[in-house]
Amino acid sequence: MSRSAAGAYFDVDGTLTPLTTMFELLLFDAQSSGRLSEGQGFLKGLRQAKDAGAPRESTNRAYFRWWAGRSVDEVRELGHTWFSSLQEEDLVFPGMQRRLEWHRQQQHRIVLVSGSFDPALAPLAGYLRVDDVLTTTAIVDGGQYTGDITAPMIGEGKAVAVAEHAARHRLDLAASHGYGDDISDVPFLDLLGTRVLVSAAELQLPNPAPGWSTRVLAET
């Protein structure tokens with residue numbers, strides 16, 4: 001069977017998985033290196049900045065300072081070690097696993113779209129057998145992370161990445177599906193014919209257009 005010309009674009013943290021992948025990886029790294037208190041304090045600072053009104057794009061960029069000077073190969077291996085320590089039943093919301101299987105049966109191209117980065121997402125992507133992963137790109141110099149990024153894969157950044165991906169693979173956006181869990185996912189979801197906000201509680205959309213629906217996790 002030939003592949004459909006439609007895509008299925010999934011936000012990751014809070015949509016496919018209950019994990020916050022980039023935070024979980026950072027805490028695993030901190031604990032493994034005897035810096036747990038420092039790691040907890042670092043993440044607390046990011047949460048406080050968000051609560052104070054800092055844009056998600058800003059806190060996403062700030063996160064990568066933790067990895068400055070670290071070897072890309074080392075962090076990639078750390079990601080696999082972290083992922084292998086997780087319980088399989090905790091990895092994916094059951095209802096979303098069923099959605100993945102449905103899209104696979106329809107021969108849709110399955111794509112993860114996330115503000116996280118490759119070491120935290122590659123193991124999950126392999127486990128889920130997805131086709132592509134669109135992530136925040138951490139800048140590398142001499143095989144080490146600089147602590148900066150090209151641009152956050154948040155908000156409009158996701159919309160640009162999804163549009164470029166669909167054009168590159170000749171996917172029909174109107175026939176494609178998207179799943180997110182936050183209002184910041186609306187820009188990329190708005191590009192797609194079928195848009196679903198996945199949440200632990202009902203999310204209210206401002207003036208929802210045709211094609212929108214909300215899937216409450218407790219009902220999936």
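**Entry 1: an aromatic group**

I looked up phenylalanine 117 and found a relative accessibility of 1%, so phenylalanine 117 counts as buried. Buried means under 20% relative accessible area, exposed means over 50%, and partly exposed lies in between, for a 1.4 Å probe and protein chains only. I note that this is a predicted model, in which local features need pLDDT of at least 70 and side-chain atom pairs count only at pLDDT 80 or more, while totals for chains, interfaces and linings use all residues. Residues are numbered from 1 along each chain as its sequence is written, and side-chain values use heavy atoms, with hydrogens and water left out.

I then examined the ring of tyrosine 145. The centres of the phenylalanine 117 and tyrosine 145 rings are 6.0 Å apart and their planes stand at 65°, so I recorded the pair as edge-to-face. Rings of Phe, Tyr and Trp (its six-membered ring) pair if their centres lie within 6.5 Å; planes under 30 degrees apart count as stacked, over 60 as edge-to-face and the rest as tilted. Phenylalanine 117 lies in the loop between β2 and α6 and tyrosine 145 in strand β5 (residues 144–149), so the pair ties together parts that are 28 residues apart in sequence. Helices (H or I, at least four residues) and strands (E, at least two) are DSSP runs, numbered from the N terminus. Tyrosine 145 has 7% relative accessibility and therefore counts as buried.

I searched the whole structure for such pairs and found 10 aromatic pairs. In one of them, tryptophan 67 and phenylalanine 117 are tilted, with 5.8 Å centre to centre and 40° between the planes. This pair links distant parts of the chain, 50 residues apart: tryptophan 67 is in the loop between α3 and α4 (72–84), and phenylalanine 117 is in the loop between β2 (109–114) and α6 (118–128). Tryptophan 67 counts as buried, at 0% relative accessibility. I also noted one aromatic cluster, formed by Phe23, Tyr63, Phe64, Trp67, Phe117 and Tyr145.

**Entry 2: helix packing**

Two packed helices are described by the angle between their axes and the distance between the axes. Axes are lines fitted to C-alpha atoms, for helices over the stretch in contact, and angles run from 0 to 180 degrees between N-to-C directions.

I took helix α1 (residues 21–32) and α2 as one case: they pack at an angle of about 155°, with their axes 7 Å apart. The two are therefore roughly antiparallel to each other. Angles under 35 degrees count as roughly parallel, over 145 as roughly antiparallel, 65 to 115 as roughly perpendicular and the rest as oblique. The crossing of α1 and α2 is right-handed; a crossing is right-handed if the near helix is turned clockwise from the far one by less than a right angle, and left-handed if anticlockwise. Phe23, Leu26, Leu27, Ala30 and Gln31 of α1 meet residues of α2, among them Leu36, Phe42 and Leu46. Contact means heavy atoms within 4.5 Å.

I next looked up helix α2 (residues 36–51) with helix α3 (residues 56–63), whose axes come within 9 Å and cross at roughly 165°. These helices are therefore roughly antiparallel to each other, and their crossing is right-handed. On the α2 side the contact is made by Phe42, Leu46, Ala49 and Lys50, and on the α3 side by Thr59, Ala62 and Tyr63. I counted 5 nonpolar residues, 1 polar and 1 charged.

**Entry 3: loop residues**

I found aspartate 90 in the loop between α4 and α5 (94–105), partly exposed with a relative accessible area of 41%. Aspartate 90 and leucine 19 are 71 residues apart in sequence and 8.1 Å apart in space, C-alpha to C-alpha. Leaving aside neighbours within four places in sequence, aspartate 90 is in contact with Thr17, Pro18 and Leu19.

I also checked arginine 129, in the loop between α6 and β3 (132–135). Its phi is near 60°, a positive value in a residue other than glycine. Arginine 129 is exposed, with a relative accessible area of 53%.

**Entry 4: the whole chain**

I recorded 8 helices and 8 strands in the protein chain. Buried residues make up 47% of its 220 residues.

Definitions and conventions: Ala, Val, Leu, Ile, Met, Phe, Trp, Tyr, Cys and Pro count as nonpolar, Asp, Glu, Lys and Arg as charged, and the others, Gly among them, as polar.
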